[in-house]
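Could you walk me through this model, one selection at a time? I have it open in my viewer and would like to know where to click next.

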Amino acid sequence: MMKNINKISQEILAKLPLFRLKDLIKAVRACKTAAEERAVIQKESANIRTAFKNENPDTRHTNVAKLLYIHMLGYPAHFGQMECLKLVASPKYADKRLGYLGIMLLIDEKTEVLTLVTNSLKNDLNHSNMYIVGLALCTMGNISSSEMARDLCSEVEKLLGSSNTYIRKKAALCALRIIRRVPELHENFISRSKSLLNDRSHGVLITGITLVTEMCYQYPENVNVFRKAVPLLVRHLKNLTSAGFSPEHDVTGVTDPFLQVKILRLLRILAKNDKEASESMNDILAQVATNTESTKNVGNSILYETVLTIMDIQSEAGLRVLAVNILGKFLSNRDNNIRYVALETLNKTVGIETQAVQRHRNIILDCLRDGDISIRRRALELSFALINEGNVRVLTRELLAFLEVADTEFKQSMTTKISLAAERFAPNQRWHIDTMLRMLKLAGNHVREEVLAGFIRLVAQTSDLQQYTVQKLYAALKHDISQEGLVLASVWVIGEYGDVLVSSGNFDEEEGVTIEVSDLAVVGLLNSILLGPYANQVTREYVMTALMKLTSRLSDGAAQNKIRELLSEYSNSMEVEIQQRAVEYTNLFSYDSIRPAVLERMPVPEARTIIQTTDSSDESGSMHASSSKAGPSDQDLLLDLMGVGTASSNVSNDVSDMPASPVTATPAPAQKQSNVDLLADLFGSSSPAQSIPSQPAAAAAPAKPTSNNDLLADLLGDSSSTPVASSPTVNSSTSSFGLDSLAGLSSPTTQNTSSPSSSPASGYEAYTKNGLTIRLLPSRDRSNPAIINIQALFSNNGSQGVVSQLQFQAAVPKSQRLQMNAASSHEVQPNTTEKQLMRINNPQNTTVKLRLRISYEINGEKKDDIAQYGPFPEDAF
């Protein structure tokens, strides 16, 4: 019977509206599924809407309270905004409190209803009840818009001078909101904020310091205004550190740590670049640093702010050493957060107090083995920053040991930085070479192309260690061919100095192991790389070039025949680049008169700048991904044959900071070319042979292509020869000739570099020569700000006649994408202008630089030029 009565009563109650907030909470908690909860909320929301329509003031308070609970659960409650405004207009404190709470939860500064709140706030800011004034200040400090801030600024300024500490504290926080929304209103609060710094109440003082700090951030000129308060702030800090136990402000044994931190931050701002202010706070900073306990987190927070203040101001040297020692103690803390903060701060201060940081080198190196990857990353950065001439051997040894077990995302960054450190601080070249060899053995798959190029240059310029290096690389290659960077460097060096390796004979490796060296053994080792499981296209290109070089360095006939067999095997390769190399190298055997000169030893390559990347996890440039890179341009074939560039080097490393992504514009139908035409085109033959389409590429080149000029000049007797950049089209007439025609060569093309000039209206001049002028007219796309439209204008002044067969190409940095439309015409008549549109997608908003290739004919004479332009002026688009 009782069960039935309870059941009936529950059914009746379920049909009735929930009059109390407590009942709604119980009903929601009793729901077993989300569907039941939604049903309860929907039903109660309908009842609340009905009550709002009936304008019942007795239930408004309860309904708004329930509506705020519904809002906290994530359900829509915007229909209660006006009811909150009605509660604010009520004379009762309880209604005002709930109404302002609802306004802060349901309304933000972008809501139109907010304009209706301004009048209520103005009335309550002038109310006689300090708690009602506090409610208004709290609401304004949370949701104030710029319009509301301007309207109520005078009321807040007046309340800053109130005799009530409760109101002054909240008025200071409200003023902070006003300054952030309307910075120019800061002048209204300067005089009042000065008086807040003298307040004896900790609550008012902490809000006043926060307000002054924000004013100094927003307008640095205010620093001079408040710098006079430095002695006052120092006195406050001294009182806090020397004060006894105060139960009102004590936090685990430290007196008001929140206020101490705020004072230290403001002192750091006021004393920056000011010697007098810095001197006035040296003593108190030393006192805080020595007397604050570091056993608790509260003390550590104060010590951390003290260290930052010491390092930012013009403090004494002894004080800076003390700050570094505090950070050293942090490194011994068990809390990973404190250790991370210490490493991050040491990274910023290592340039100021290097010797003091060096004392903590051992514990920093211990952090490399920490289980937290963030700590390992910060410790790694700091370890590299500590390297100098005195400790380069020790630190490099530790870093190489860590490289062996480091996370994959660290390895590329580590190899780059180790290479830079070894190059800068190496005690001798033998140690430098040994360090690079060790690095290649440990992480050869994570070595950037610039690092490989630097190592090859080091070997080339160190003639007395070439035998030692080629032997070490030969032994390393026999032991391991899985590290691609090691394989590429070894193959290049063996191909270049194979005669030195063979002439030195057998040699002893570590632990008394004898390594046998012979002509056939060297060729067999290179063949094993071709047949190995780690070989990719770039590796095969290197090996084939090395084999070709060895034909002029090895004297054994059996080895020569073996090389010919290997090259002929790849003449039918499915990879076009490999097949082309094999065919060209095989044909080169027919020209013994020039083959030794073409394959002679390389001069020392030019130095290349290694640009460090900030993202250590970026493996886009690693050798591991080289197998998927595009093949080389045809001009690189002979350069690689002579050992200058790799099969995938850029056309020119003059723009190494702008990796080219060539885009072919309006290509004409390409015609078939013979392999010998490729070589002739590279040398700039006077024959009307066509030029070659370029391919995008980005792999390691031991040296810049421009470094071949002297070698080509010596070989051909032409002092003006330079490599020719590729063109996207070919002439209709194709001449077929052999390598014998290399004797007759004409002067090649020249390179033209332009800097921003001209006016925006007429475009920026990028190229002018032979009567042809190219101007670039940039503009930003209206629909997508990341896209830049550049109109290329081709003008012919008629001084040289008609410009025909005009082909225009451009390349942009890798972070950008280029799309080119067809030109209006490939022929520019005298005193006319043709156009071509380019679209650059620049999502990262990086500097726009262009590398241009211009090909055209004037009076039957072929012209082929390269130009660079950029960056555009700031107001160009």
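Strands here are DSSP runs of E with at least two residues, numbered from the N terminus. Keep in mind along the way that this is a predicted model.

**The whole chain.** Start with everything selected and colour by secondary structure: there are 36 helices and 13 strands. Now switch to a surface view. The accessible surface of the chain is about 39,600 Å², and carbon and sulfur atoms account for 49% of that area. Of the 877 residues, 52% count as buried.

**Strand β9.** Next, select residues 803–811, which form β9, and pick out Q805 within this strand. Q805 has a relative accessible area of 41%, so the residue counts as partly exposed.

**The loop between β10 and β11.** Move on to β10 (817–820) and β11 (832–841), then click on N831 in the loop between them. Here too is a residue other than glycine with a positive phi, near 60° in the case of N831. N831 is exposed, because its relative accessible area of 66% is over the 50% cut-off.

**After β13.** Finally, select β13 (861–869) and step into the segment after this strand, where P871 sits. Is the peptide bond from G870 to P871 cis or trans? The bond is cis, with omega near -5°.

How values were computed
Residues are numbered from 1 along each chain as its sequence is written. This is a predicted model: local features need pLDDT of at least 70, side-chain atom pairs count only at pLDDT 80 or more; totals for chains, interfaces and linings use all residues. Side-chain values use heavy atoms; hydrogens and water are left out. Helices (H or I, at least four residues) and strands (E, at least two) are DSSP runs, numbered from the N terminus. Buried means under 20% relative accessible area, exposed over 50%, partly exposed in between (1.4 Å probe, protein chains only). Accessible areas come from the Shrake-Rupley method with a 1.4 Å probe; for residues, only the protein chains shown count as cover.
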